[in-house]
Amino acid sequence: MSVYCGLDIGSLQAKGILLRDGHPLFRTIFPTGGNAPETAKKLFQALLEGGEISSDEVKTIVATGYGRISVPFATKTVTEITCHARGIAHFLPQAKTLIDLGGQDSKAIRLEKGKVMDFVMNDKCAAGTGRFLEVMAQNFKLTPWELGELSLQAKNEVSISATCTVFAESEVIGLIARGLPREEIARGIMSAIAQRIAGMVHRLGLEEPVAMSGGVAQNPGVVKALERELGVSILIPEEPQMIGAWGAALIAQEYA
Amino acid sequence: MNLGNFVQAKLQDGSAIRLLRSPWIYRFLSLFLRSQSPSVRFSFHLARDAYLKRKPVAFTSLFFPTELVYALGMVPFPLEVIAALISSMGMAVPFLKKAEEEWYSQDLCSFHRLGMGLALQDYLPQPDVVLSLTSLCDGSHRFFYNVSRLFKVPHFLIEVPGNGGKKDQEYVVRQLKRTRMELEALLERKIKKSDWEDSLGYSNSLREELLKIYELQAHVPCPVSGEAALGNVGLIFTCAGSRWGPELISAWRKSIRENASSENYRLFWLHLRPYYPAPIFAFLKERGVSIVGDELSNYIWPRLDPKNPELSLSSKIYANFGLGPIKNRIDNIVRLVRERKAQGVVNFSHRGCRQSTGGAFLLKEALKEKGIPCLILDGDCVDPRELNWEQMRTRIEGFLEIL
């Protein structure tokens, strides 16, 4: 039986999945590091080993993510926009709006029956991405996930006015130094991200149900802040960080 | 010998300032001129006439009707076009930096920032006058006013109100007449009937040649390079009214091979393109994308009548469908998209260009209603530091996947 492979080489993490008969055979995640072609090769090898198959058994490989052009052995490259849409349509076919928060970019995607109708991407600026969250968490000596958890304890929030990652970091350092409640600052950070993402979603026109994918969708603080900002519940698939790779593997299967 | 490479090398080693003003360099370069393309020959004549002051020099804004300049025996020196040219040579950054050091904000249009950098570094010829319109660009006439102060020469500004109704046209005609009379007094040269006949006649011939190009753009597959069309925008506006106009566009048309290779996508382009070396057009070509037209090289005006020169030029100014309510622009874009059988629209949203970016959302919404997908591509036409190619590539690929 043929196996199909989806590789999502993101800016921070490389995700891979093998599908056999529509079911996952093996999946794994590597840090992308500084050498995307090498990471893609290692990721593929790890998938073959984990799935206990040879490369000949893989019929089609679809690469996506920013490192997609660094996968010379891919049968086809597809943008993460289309792959996330395809992946989310598999798990949450009812979704009409998809928010994909990745390591270094964020996207709002309008869907109709799993097809991309329109999309908006962040531009020029890293605010509203996983990297922004990482930088902010470092100031608290926490992981991004812990920062999200901390923000949920706040009853009020401290407003973060700067939207630039660098300026927001100095603002947060100042707020911590003034002794303001850490959980309220954390909530302010989550709201700052949510406001930027909500702006992109509204540009497309908010249509429910709203789903979220990408690594940042695992952060409870960001999801809560986005729900507050958009005034809707957000559907999160089981492994949101794998949605791009899932979509790529599904497209590989359809392409074959 | 490639004349373009020679000029670029001299610009890069800093000796160009002296060379641009040396009669010997033009004599030397003229030896190689015959084998060059009409656009290189036109640029050579324009530079020679301006830097050696063979003719009075007018700094002009992009949409200023150069027919008036040629009729007066002047040479137009279009600063925004020169900025694009410098950028295309990969030489933009030092001039942009110079302007920024002198407090010209990075939020301003980079065409004007670069133009100011050239002026501050003494790379421009000494003008006799500065001529600009308020047409479309709000920053333009302030930039040109500033340039006129720097060079201590008069600035003639034509205000272009409304969307070309009778009173608007009369107002523009009055200003054009007054400007013409003041320029005649300043230059001590009256425009004769034959000057208008030549200038407007050349412009009409240029117009006819452009219409032939538009016909070719509608062919499936499209034989006209969208990159070349966008690259020719500056030339079209600069040579209108000169004998070079029809020759340049005719040479462009003859260079088009009608048997185009197959195409996967047909897109219509709005606003301008990045002029600095960027992989965008090679990438589009690789994906089988034809740019079947663009907003500015499709600026077409009614035939000009030498018996009513100012009224004709006013009509030409108002033929710009970016003027007036955005509905004008939308209606014309929809018409062109349909005529050219385009599947979608790319709106290159040039940073610092308020008139273009300001209407982007309305435009996208209106096109969506008509079922025409639109990609808003944020970027900069002149400043290569603003290019984030990975992001831009993902946007373009994502858009093509939608199509």
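**A helix pair and its surroundings**

A: Helix 10 of chain B passes helix 16 of chain B in a right-handed crossing. A crossing is right-handed if the near helix is turned clockwise from the far one by less than a right angle, and left-handed if anticlockwise. Helices (H or I, at least four residues) and strands (E, at least two) are DSSP runs, numbered from the N terminus.

The model is predicted: local features need pLDDT of at least 70, side-chain atom pairs count only at pLDDT 80 or more, and totals for chains, interfaces and linings use all residues. Residues are numbered from 1 along each chain as its sequence is written, while chains are lettered from A and ligands numbered from 1 in the order in which they are written.

Now the geometry. Helix 10 covers residues 166–187 of chain B and helix 16 covers residues 309–318. Their axes come within 9 Å and cross at roughly 120°. Axes are lines fitted to C-alpha atoms, for helices over the stretch in contact, and angles run from 0 to 180 degrees between N-to-C directions. The two helices of chain B are therefore oblique to each other. Under 35 degrees counts as roughly parallel, over 145 as roughly antiparallel, 65 to 115 as roughly perpendicular, and the rest as oblique.

Which residues meet? Helix 10 of chain B brings Gln169(B), Val172(B), Val173(B), Leu176(B) and Lys177(B). Helix 16 of chain B answers with Glu310(B), Leu311(B), Leu313(B), Ser314(B), Ile317(B) and Tyr318(B). By class, this contact has seven nonpolar, two polar and two charged residues. Contact means C-beta atoms, placed from the backbone, within 7 Å. Ala, Val, Leu, Ile, Met, Phe, Trp, Tyr, Cys and Pro count as nonpolar, Asp, Glu, Lys and Arg as charged, and the others, Gly among them, as polar.

The pair sits in a chain of 20 helices and eight strands. Chain B has 403 residues, and a compact globule of that length would have a radius of gyration near 22 Å; chain B has 20 Å, which agrees. That radius is taken over C-alpha atoms, and the globule rule is 2.2 Å times the number of residues to the power 0.38. Along its principal axes, the C-alpha trace of chain B spans about 60 × 50 × 45 Å. Of its contacts with a separation of 6 or more, 75% join residues 24 or more positions apart.

In chain B, 46% of the residues count as buried. Buried means that 20 or more other C-beta atoms lie within 10 Å of the residue's own; 12 or fewer means exposed, and in between is partly exposed, with C-beta atoms placed from the backbone. Helix 6 (residues 79–88) of chain B is mostly covered, with nine of its 10 residues buried. Those buried residues pack against several elements of chain B, including strand 1 (57–60), strand 2 (75–78) and helix 13 (233–239). Just after helix 6 of chain B, Gly90(B) takes a positive phi of about 75°.

Val69(B) lies in helix 5 (residues 66–71) of chain B. It counts as buried, with 27 C-beta neighbours inside 10 Å. Not counting residues up to four places away in sequence, Val69(B) touches Ala58(B), Thr60(B), Met74(B), Pro76(B), Leu131(B) and Gly241(B).

Finally, the partner chain. Chains A and B each give nine residues to their contact. Helix 20 (residues 389–402) gives the most to the side of chain B, with eight residues. That side has one nonpolar, three polar and five charged residues.

Terms used:
Two residues are in contact if their C-beta atoms, placed from the backbone, lie within 7 Å.
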